[in-house]
Amino acid sequence: MNPIIRSGAAARAGALLILLGPLVSWVAEFITAAAWQDPPYSPLYNWVSHLGLTGPPQTAFGQVANSPLGAVMDTGWVIYGTLLIVGAFLLFDPRKGARPIIIVSLAVLAGVGVSLVGIFQGSNANVDNGLIVFHTVGAQGVMLAGNIMAIAVGTGGTRIGLTRGRSIASTALGTAGLIAFPLFMTDVFTGWMWNIGLFERAVIYPIMIGHALLGSSVAATQRHRATHPPAPLAARIES
């Protein structure tokens, strides 16, 4: 088996950053959703990106949006994207072949995508001035790149240090997210808009869970190796 990740402090730092990204985003989402009380925010009905709308209440994309702490959500997304990109560069070694290069590239696309969602809000103002294209491209970019990354990580799990079970889980998460993506887009473009928040999260949450799975798995493996170094060759021969 030829590992595709770095070793030592770089790998540990990269794994922790990849783990921290979705955790920061989830905390920001919980805080922001809790502050949205007029009308109460519904995670199944309301758009995820509406949590990041700042300014006065407005009706955007067919829903009333009133997010008093929209800046908290936007900051969480930008932090998530940044941590993912930096963490991937620290963790994966591009000298080990095509797979780590592909995974890092997908991480960059996903990280830039989620950051764009936080920087360019899905507001009526951005629809009018044309900046909504950055929000849309960012959202769809992270949905596709993030889920494909989960599959790339899962199918190469043994070279990353994931157990068989976690490798299968990562692959299944990415596959589920990709299956949910066309369902979400159909819900949007047909104008049906039934439980749009549910379909949106069905695409997004597998990505976030996959990142948490990757980061926690590698961090645990690296910590175990640091505290239980392999015995010297001579000692192993004697035993």
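1. What volume does the largest cavity have? About 50 Å³. This is a predicted model, in which local features need pLDDT of at least 70, side-chain atom pairs count only at pLDDT 80 or more, and totals for chains, interfaces and linings use all residues. Residues are numbered from 1 along each chain as its sequence is written, and side-chain values use heavy atoms, with hydrogens and water left out.

2. On a 1 Å grid over the protein atoms alone, a cavity is a set of points where a 1.4 Å probe fits but cannot get out. A pocket is an open set with protein on both sides within 12 Å along at least five of seven lines. Lining residues have an atom within 4 Å of a point. Points are joined across faces, edges and corners, and a volume is the space filled by probe spheres set on them.

3. The cavity. The count comes to one cavity of 30 Å³ or more. Its lining consists of Gly146, Met149, Ala150, Val153, Ser170, Ile207, Gly210, His211 and Leu214. Two helices, α5 (132-155) and α8 (196-227), each supply at least two of the lining residues. Helices (H or I, at least four residues) and strands (E, at least two) are DSSP runs, numbered from the N terminus. By type, the cavity lining has five nonpolar, four polar and no charged residues. Ala, Val, Leu, Ile, Met, Phe, Trp, Tyr, Cys and Pro count as nonpolar, Asp, Glu, Lys and Arg as charged, and the others, Gly among them, as polar.

4. The largest pocket holds about 530 Å³ of space. Elements giving two or more residues to its lining are α1 (9-35), α2 (70-91), α3 (98-119), α5, α7 (164-189) and α8. The largest share, seven residues, comes from α5. In total 29 residues line the pocket, and Ser49, His135, Ala139, Met143 and Glu200 lie nearest its centre. The lining divides into 20 nonpolar, six polar and three charged residues.

5. Asn66 sits in the loop between β2 (63-65) and α2. Asn66 counts as buried because its relative accessibility is 14%; buried means under 20% relative accessible area, exposed over 50%, partly exposed in between (1.4 Å probe, protein chains only). Its side chain reaches the backbone oxygen of Asp38 at 3.0 Å. Beyond neighbours within four places in sequence, Asn66 is in contact (heavy atoms within 4.5 Å) with Trp36, Asp38 and Pro57. Asp38 is also joined to Pro39 by a cis peptide bond, with omega about -5°. Pro39 lies in the loop between α1 and β1 (58-60).

6. Positive phi. Phe61 is not a glycine, yet its phi is about 50°. Phe61 is in the loop between β1 and β2 and is partly exposed, at 39% relative accessible area. Asn195 has phi near 45° and lies in the loop between α7 and α8.

7. Aromatic rings. The whole structure contains seven aromatic pairs. Rings of Phe, Tyr and Trp (its six-membered ring) pair if their centres lie within 6.5 Å; planes under 30 degrees apart count as stacked, over 60 as edge-to-face and the rest as tilted. Trp36 and Tyr41 form a tilted pair, 4.8 Å centre to centre with 55° between the planes. Trp36 is buried at 0%, and Tyr41 is buried at 11%. Trp194 and Phe199 form an edge-to-face pair, 6.1 Å centre to centre and 65° between the planes. Trp194 is partly exposed at 42%, whereas Phe199 is buried at 18%.

Terms used. Polar contact = N/O pair within 3.5 Å; in protein donor to acceptor, adjacent residues only side chain to side chain.
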